[in-house]
Amino acid sequence: MVEFLTQIINGLSQGSIFALVALGYSMVYGITQLINFAHGDIIMVGAYATYVMLILAGTPLWAAILAAVLFCAIVGVVIEQVAYQRLLNKNAPRISLLITAIGVSMLLQNLFQIIFKSDAKSVSNVLPSFPIPVGPLEISSVTLITIATSVVIMVLLQLLVKKTRIGKAMRATSEDAGAAKLMGISSRNTIAFTFAVGSGLAAVGAVLYVGAYPSITPYMGSLLGLKAFVAAVLGGIGSIPGAMIGGLLIGLAESLTKAAGWSQITDAVVFGILILVLLLKPTGLLGRNVKEKV
Amino acid sequence: MTNQKKTGLIPKSKLLSYAVNAALLLITYVLFFVLIANGTINRYTSGIMTTMFINIILTVSLNLVSGFLGQLVLGHAGFMSVGAYTAALFTLYSGLPITIAFPIGIVLAGVVAAVFGVIIGVPALRLRGDYLAIITLGFGEIIRVIILACDFTGGAKGLRGIPTILPQGSDATSLSLAKYSYVFWLAVLTVVIIWAFVRSRHGRAVIAIREDEIAAEASGVHTTYYKLFAFVMAAFFAGVAGSLYAHHIGVLDPSKFNFDYSVEILLMAVLGGLGSITGSIIAAVALTILPEFLRGFEDYRMLIYAVILIIVMLFKPSGLMGQHEFSLSGILARLSSKKSGALKKGKGE
Amino acid sequence: MALVEKEKLLQQDKTDRPVLEAENLGIVFGGLHAVEDVHFSLRREQIMGLIGPNGAGKTTVFNLLTGVYTPTTGQIKLEGQSILGKKTYQITKLGIARTFQNIRLFKDMSVLDNVRVAMNQKMEYSALAGILGLPSYWREEAAIEEKAMELLSVFHLENNAGDRAKNLPYGQQRKLEIARALAADPKVLLLDEPAAGMNPTETAELMETIKLIRDRFHVAVLLIEHDMSFVMGICEHLVVLDYGRIIASGSPEEVRTNPKVIAAYLGGE
């Protein structure tokens, strides 16, 4: 029982990282209908930014986090401006956008491989690590920090989207970009802002991820990104609460699979979930059933 | 035309161009056969040629889905690996003499890859949207993990001792010639089949889906069926390519069939022009040979590919050929129309 | 059923058994009744107009009839058979073809191919026959090309057969879309704002074309249109929608003088 509860909490911790990344996929998809394949690699960028600041430059943790978030937000916006904007503006076929996104993803991976070499870099003790007794359980501080940070960030994000001007612009653009434009909402700025926020969240995810798994490589983002995307689809792509729930569920599924002794096929399980969701409820748990306008 | 309607015979005009193309193919085949046989083309170079033809099969089949159907596939190397392992395990363990086992292995490789195509395609293609891209990406990654985890595939050590396609004791030149013959004609077969498919009523339905899925459905096209058909057909040929690869290299290393390889095939299709079969062939040939001249830049290859992919999409998304095809009769028609145009002009003045 | 009765029914069939019937048709989108209690019946070779202010639910009715949306309530019958729950492509095969408000052509395909795609469902040769170039392939392809060219010539598009659809001028694109719908060999043709964006000459020409295709292809036509002179000039029967409900139906003359219709049009928008 104790073992089971520990796994559940580990799953929630892992899942909250997926959730943070899934949010980026979901928000960008909601506004541009683009699966931004490069989003997973933003985590990798964030992880290396943390590594550079913390280990190479020796800055304190708060500065490293701030730098990682800012750097990722900038990278996200630059990617949007340079690679996607032109195609989004001229209403290019979806496949062109997807191929560009794949190109960007590969570019980031290979660029970082050339800069940092492909061997894993170790970034240990990013977050203070000590066991905390909770009832009969003993939970790592890192796990609790991860869950707590994610919860706080998600609440902040909900406030941003629901209460602020720019948040309303995001929702309006995602509802109907044409109409939003007519109401004086600049879709350009809104899209750029969405990329910035999504990438910033991925950076936070990266710091938390490195806290739990202190080894980083240029390719760490691709599988993590894929799983986060599955989480977004499971929750209902385009839905912010959906991304959170989807992330947590995927995290739980992973950790329970590992607990059952099948750790080798965890990835296959996550992928199986994607297939099941597409077969049974393609709109996801909280997604709206949006039919293409005829 | 009325005549033809009754008989169902091939029109004469087509017959001529078919004959010319067949003759050209035969001449090309014999030419390289002789060059390999007399040693002008050494074993290394003929090895590259084999890879080139395998890449043609991969690129043209990927183009069927990504170019003609308009759906992105990011796990073509995954289907290739399924075919490679299927054929290799078959020739290893079937106990049949290799000259019989290999052709059966090729077909089996295609069929098993196609079955995987159905499993992946049904959930993804029932829906509109970009699910195929993500699901094939996942498939490509997962199949590798599964191969690594299994014992009968050789796991991370790879699958070794795959028999050569001629009985043991055959000399190296005969082996090169046999490989060359297999890959050449299978590449020709793939191209001809996909070419003919695209020009049939089924191919038109597939292209219509790319153009406008809703309008295609409203025009009576069973969109899910045709999407699945094209996708499974592409998976089949990727499997065939895998079987050839396995018996060309002789050792299977699961890490070979990674995401980078899928993207490399995609790059070939994109550069050649999504929707152009001849474009795919040209790009596959060029991108197989080019790296040989850029040996020193091996580390930067994928980076360069990524940059090319982005630049092509931003500035020339139609690639080299767009949706056009390179054909001799087309060129002749253009030349003659230019000539007659010039003549008319001359007369006018 | 007694034989005599059966014969009687058959007799009736030939005269005016409806080809398309909608009963109590309705759909709810997130609590909103987009279309409610819509009912009409379309006779063979009848031209009927579906009119109403913007947002009245006209295109939604088309989407219900063609299986794009599944109705929440009601029944749709094509020649007496329910087509409820059928997929769009199946409904097209059964005999309802449509055009779209914002033209949806296969832009990068040739004009001829646009028409041939819609004929696909009537063709029989297998994928294998197509790949191997068996006689059935050449025979059917030759026949279909002839049929397609014939159809194009009705719309004076035969000289553009090889052009890409996107390179046609706007008016011709609208015509091609109608040609493509007819290529599916329908019993009922649904036209969504066929005259939109046309000048008066083109509109007048279109009226003649629609009458011509009705007579020549023996189809019933249900059309949505805002151009009142067009609607009054061509339709034998009108159904007026407002806020998803039928507010009037009858001959053009009856509808024109109906106070509810006048109110909807003047006060509605």
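This is a predicted model: local features need pLDDT of at least 70, side-chain atom pairs count only at pLDDT 80 or more; totals for chains, interfaces and linings use all residues.
Which helices of chain B do the buried residues of α12(B) pack against?

**Entry 1: α12 of chain B**

I found that the buried residues of α12(B) pack against α3 (43-69), α7 (172-198) and α11 (259-272) of chain B. The helix itself covers residues 277-293, which is 17 residues. I get 25 Å from its first C-alpha to its last, close to the 24 Å expected at 1.5 Å a residue. I listed its buried residues as I277(B), G279(B), S280(B), I281(B), I282(B), A283(B), A284(B), L287(B) and T288(B).

**Entry 2: the core**

Next I looked up the largest nonpolar core, and it has 284 residues. C72(A), I57(B) and A230(B) are the ones with the most contacts inside it. Helix α10 of chain B (residues 223-249) gives the most to this core, with 16 residues.

Over to chain A. Helix α5(A) runs over residues 141-163, so I noted 23 residues and a reach of 32 Å from first C-alpha to last, close to the 33 Å expected at 1.5 Å a residue. Its buried residues are T143(A), T146(A), I147(A), T149(A), S150(A), I153(A) and M154(A). What covers them includes α1 (2-32), β3 (137-140), α8 and α10 (240-259) of chain A.

I then checked the packing of α5(A) with α8(A): the angle is about 170 degrees, with the axes 9 Å apart. Angles over 145 degrees count as roughly antiparallel, and that makes α5(A) roughly antiparallel to α8(A). On the α5(A) side I see V142(A), T146(A), T149(A) and I153(A) making the contact, and on the α8(A) side L201(A), V204(A), L208(A), G211(A) and A212(A).

**Entry 3: α6 against α8 in chain A**

How are α6(A) and α8(A) oriented to each other? Helix α6(A) (residues 165-175) and helix α8(A) (residues 187-212) pack at about 105 degrees, with their axes 10 Å apart. They are therefore roughly perpendicular to each other. I wrote down I166(A), A169(A), M170(A) and T173(A) of α6(A) meeting S187(A), T190(A), F193(A) and T194(A) of α8(A). By class, the contact of α6(A) with α8(A) has four nonpolar, four polar and no charged residues.

**Entry 4: T50(A)**

Is T50(A) buried or exposed? It has 27 C-beta neighbours inside 10 Å, so T50(A) counts as buried. T50(A) is found in helix α2 of chain A (residues 39-56). Leaving aside neighbours within four places in sequence, I find T50(A) in contact with A64(A), A68(A), V123(A), V126(A), A206(A), V207(A) and V210(A). I also checked T50(A) against T283(A): they are 233 residues apart in sequence and 36 Å apart in space, C-alpha to C-alpha.

**Entry 5: chain B against chain C**

Last, I looked at where chains B and C touch. The contact takes 29 residues from chain B and 33 residues from chain C. On the chain B side, the elements giving two or more residues are α1 (2-7), α7, α8 (201-211) and α9 (213-218). I noted that α8(B) gives the most to that side, with seven residues. By class, the side of chain B that touches chain C has 14 nonpolar, nine polar and six charged residues.

Key:
Residues are numbered from 1 along each chain as its sequence is written. Chains are lettered from A and ligands numbered from 1 in the order in which they are written. Helices (H or I, at least four residues) and strands (E, at least two) are DSSP runs, numbered from the N terminus. A residue is buried if 20 or more other C-beta atoms lie within 10 Å of its own, exposed if 12 or fewer, and partly exposed in between; C-beta atoms are placed from the backbone. Two residues are in contact if their C-beta atoms, placed from the backbone, lie within 7 Å. A nonpolar core is a set of buried Ala, Val, Leu, Ile, Met, Phe, Trp, Tyr and Cys residues joined through C-beta atoms within 7 Å. Axes are lines fitted to C-alpha atoms, for helices over the stretch in contact, and angles run from 0 to 180 degrees between N-to-C directions. Angles under 35 degrees count as roughly parallel, over 145 as roughly antiparallel, 65 to 115 as roughly perpendicular and the rest as oblique. Ala, Val, Leu, Ile, Met, Phe, Trp, Tyr, Cys and Pro count as nonpolar, Asp, Glu, Lys and Arg as charged, and the others, Gly among them, as polar.
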